[in-house]
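This briefing covers a predicted model.

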Amino acid sequence: MTTGTHVESQGIGIALPESSPALGTSTAPVRLAGASRWRERYGARLWISDLLVLVVVVFGTELAWFGLGNAQISIRSDARLSDISYTMFSVVLLLAWMAMLSLIDSRDYRVIGTGMTEYTRVADASLRLFGFIAIVAFLTRVDLARGYLLLSLPAGILLLALERWCWRQWLIRRRKDGEYSARVLLVGSEVSVAQIAAELTKSPSAGYFVVGACVPSGRVADTIEGTDIPIMGSVEAVDRAIAATNADTVAITSTDDLPPTKVKQISWGLEAGKQHLVLAPSIIDIAGPRIHTRPVAGLPLIHVETPKFTAGQRFAKRAFDLVVTGLLVIALSPLFLLVAVLVKTSPGPVFFAHERIGLGGEPFRMLKFRSMRQGAEKELKALLEAQGTSEKPLFKVKDDPRITPIGKFIRKYSLDELPQLFNVLGGSMSLVGPRPQIAAEVAMYSDAARRRLLARPGITGLWQVSGRSSLEWEDAVKLDLYYVENWSLAGDVAILAKTAGAVIAPGESAN
């Protein structure tokens, strides 16, 4: 199972009565009582909303570009066909666009609700369609209005992505209440069941809801130690456990205690298209791009690539940083001036330069708007000792008395971080990456935490958008390591988008 998938254990407490017959091992498919119909309902809603969005985009663009006139397409190779109107072309474009979104499985239940795949498929379908149209128009010498196409494509992608995002927020709220989620039966050793469930419980938005487990011991009317997951029987009782729990997904958490052919037997017993089998190896914090399944001698071997930045990736990240940062500096220059004036209302300099540890352990001077009173650094040690956190490498002071009134405001909205855009332009930082820390914190790093230094530090990062200052150190390190080992440009864009949302509407954890 890929990282990010979630199973929320809610203690269903389902157990077979003592008088129930022994759980059997039949491989006949077990019918579901509507447990997976949410997928069809949600897919239908996406289809309707996609259609409405594309109607607005296609015909709205036609109206904006051509007005109310009866614009027609010129076909140079055959004058007899020159009376095709753009309205007819818009209808064809609309139908083709909807077909492409379906053909590329952009509404598939495997991609909705979490991750970037859904948005990537929407963009991929749109680009493929318009590329095909451009090629056909060139080969058939059809004079399509370039402006019409150039407006329709980006507008369609952006509005479709926004529509999908709105539906995702709705879906996430439902999933937090246990709705619109796959009902999962875990199969494997008790240790692996507990481990997979614990890892997946951290993200309810992925929509996996544990309803039970089958373990080698097979003791019924008991729960997995440390969880509320009910044990439904032995690994030989999967079919009956599915029927008892109305599960629609079976997740194999380990195979050490299963007979050699058991996984195949389980797959045979599932109803095609309605029940699903998932293999969940105990590989955590590794993203999809690094995982490849390759059949070798009849074995579905999982290859995990070694994390590395290629020259192309480094170039793409640096180019992205320079272009976006340059635009931000220009656009936010009035805000820079306003914040500088506000900071100057308290005694002290406008900027605060602090030494941090960056890429490869090299120190650099990180810029911030000053948010504390003068001499604040000298007070840090005493404050950390007073709250009992001086031994942890995440030096945060709760209700910090050193912060000025203006400093509290600019920190809440992350305005104090704006000068770090110049660090990005200078190359000591990136827009996205692990948050840089001081030398005293780095000295406390474990071997695992030191891998944070393999990437250029960032203004924002994965742990900032996952909990900001409320996360424990161990959780922050885990998220940063996930970012370092699974970097992608699309991931950076997603983190920046979430950061913008967090800045506009900061939660209670912002300080």
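A residue is called exposed when its relative accessible area is over 50%, and buried when that area is under 20%. With those cut-offs, the face of α8 turned away from its buried side carries the exposed residues A311, F315, V323, L327, I330 and A331. The points below start with this helix in the predicted model and then move to other parts of the chain.

**Helix α8**
- Helix α8 spans residues 311-331, 21 residues in total.
- From first C-alpha to last, α8 reaches 30 Å, which is close to the 30 Å expected at 1.5 Å a residue.
- The buried residues in α8 are K317, F320, D321, T325 and V329.
- Viewed down the axis of α8, these buried residues fall within an arc of 145 degrees, so they line one face of the helix.
- An α-helix has 3.6 residues a turn, so residues three or four places apart point the same way.
- The cover over the buried residues of α8 includes the helices α9 (333-343), α12 (420-426), α15 (473-485) and α16 (489-504), as well as the strand β13 (430-432).

**Nonpolar cores**
- The largest nonpolar core has 26 residues, and F89, L93, W97, L144 and Y148 touch the most other members.
- At least two residues of this core come from each of α1 (37-66), α2 (86-103), α3 (117-139) and α4 (146-176).
- With 7 residues, α2 gives the most to this core.
- A second, separate core holds 25 residues, among them F320, F336, A340 and V343.
- F320 is also one of the buried residues of α8.

**Strands β4, β5 and β6**
- Strands β4 (residues 208-214) and β6 (residues 230-233) run parallel and are joined by 2 bridges.
- In this pairing, C214 stands opposite G233 in β6.
- Strand β5 (residues 222-223) pairs with β6 in the antiparallel sense, again over 2 bridges.
- Here T223 stands opposite P230 in β6.
- β5 and β6 form a hairpin with 6 residues between them.
- In the turn of that hairpin, G226 has a positive phi of about 85 degrees.

**Cysteines**
- How many disulfides does a search of the whole structure find? The search finds 0.
- C214 has a relative accessible area of 0% and is therefore buried.
- C166 counts as partly exposed, because its relative accessibility is 41%.

Methods: Residues numbered from 1 in each chain as written. Predicted model: local features only at pLDDT ≥ 70, side-chain atom pairs only at ≥ 80, totals over all residues. Heavy atoms only, no water. Disulfide = S-S within 2.5 Å. Buried < 20%, exposed > 50% of the residue type's maximum accessible area, 1.4 Å probe, protein only. Pairing = 2+ DSSP bridges. Helix = DSSP H or I, 4+ residues; strand = E, 2+ residues; numbered from the N terminus. Core = buried A, V, L, I, M, F, W, Y, C linked by side-chain atoms within 4.5 Å. Expected span 1.5 Å × (residues − 1). Arc of directions from axis to C-beta. Contact = heavy atoms within 4.5 Å.
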